Amino acid sequence: MSTKRRRRKLVVDETAVYVWSVSHRHSTEGPCAEVLSLRRDGTTTRLVFQGGEGRFVPDGWLHSGCVAIGEESLNLHEPGVVRGFVDEAARRGLLGGPAELDGWELFPAVASAPGGPTT
């Protein structure tokens, strides 16, 4: 069965436009992961949120796109949340080339940003 991922555009400014999507990875060797893919100018950066101790991803209990640490959760399908991750990754210089990054490292900064992203 083939599933189409919804690809959406995020316009940051006149020169930065990202195409983004959310997917889910299953693993036979460990917990599932939720993946936020950001594509710009032919380069893809993936923020991977692997479930584990105190870190939650959709596994039958949470809705698609939800990632949570304890009671703090973010919805990766919300443009404001995606913008928060793009801004934080750019601030840290992580969007320069193709990469697969640990999204949990960015989670606290995005979750606690002033004005907060939409959850």
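Q: Why does Arg83 count as partly exposed?
A: Arg83 has a relative accessibility of 30%, and the scale used calls a residue buried under 20% relative accessible area, exposed over 50%, and partly exposed in between (1.4 Å probe, protein chains only). The value of 30% falls in that middle range, so Arg83 counts as partly exposed. This is a predicted model, in which local features need pLDDT of at least 70 and side-chain atom pairs count only at pLDDT 80 or more, whereas totals for chains, interfaces and linings use all residues. Residues are numbered from 1 along each chain as its sequence is written, and side-chain values use heavy atoms, with hydrogens and water left out.

Q: What makes Arg83 and Asp87 a salt bridge?
A: The closest N and O atoms of Asp87 and Arg83 are 2.8 Å apart, and a salt bridge is defined as a side-chain nitrogen of Lys or Arg within 4 Å of a carboxyl oxygen of Asp or Glu. Asp87, with a relative accessible area of 35%, is partly exposed.

Q: Why are Asp87 and Arg83 separated by about one helical turn?
A: Both residues belong to helix α1 (residues 79–91), and because they are four residues apart in this helix, about one helical turn separates them. Helices here are DSSP runs of H or I with at least four residues, strands are runs of E with at least two, and both are numbered from the N terminus.

Q: How do you know that Arg91 and Glu88 form a salt bridge, and which residues are linked with them in a network?
A: Their closest N and O atoms are 2.5 Å apart, which meets the salt-bridge limit. Arg91 and Glu88 are three residues apart in helix α1, so that about one helical turn lies between them. In accessibility, Arg91 counts as exposed at 61%, whereas Glu88 counts as buried at 10%. Salt bridges link Glu88, Arg91 and Arg92 into a network.

Q: Why is the pair of Phe49 and Trp104 called edge-to-face?
A: Rings of Phe, Tyr and Trp (its six-membered ring) pair if their centres lie within 6.5 Å, and planes under 30 degrees apart count as stacked, over 60 as edge-to-face and the rest as tilted. For Phe49 and Trp104 the centres are 5.2 Å apart and the planes stand at 90°, so the pair is edge-to-face. The pair links distant parts of the chain, with Phe49 in strand β4 (residues 43–50) and Trp104 in the loop between β8 (99–102) and α2 (107–111), 55 residues apart.

Q: Are Phe49 and Trp104 buried or exposed?
A: Phe49 has a relative accessible area of 0% and Trp104 one of 5%, so both count as buried.

Q: What makes the pair of Trp104 and Phe107 tilted?
A: Trp104 and Phe107 have their rings 5.6 Å apart, centre to centre, with 50° between the planes, and this angle belongs to the range that counts as tilted. The structure holds three aromatic pairs, and ring pairs link Phe49, Phe85, Trp104 and Phe107 into a cluster.

Q: Where does Phe107 lie, and which residues is it in contact with?
A: Phe107 lies in helix α2 and, at 2% relative accessibility, counts as buried. Leaving aside neighbours within four places in sequence, Phe107 is in contact (heavy atoms within 4.5 Å) with Val67, Ala68, Ile69, Glu72, Ser73, Leu74 and Phe85.

Q: What makes β5 and β7 edge strands?
A: Three strands form an open, antiparallel sheet in the order β5-β6-β7, and β5 (55–56) and β7 (72–75) are its edge strands, as each pairs on one side only. Two strands pair if DSSP finds at least two bridges between them, and β6 (residues 66–69) and β7 pair over four bridges in the antiparallel sense. In β7, Glu72 is the bridge partner of Ile69.
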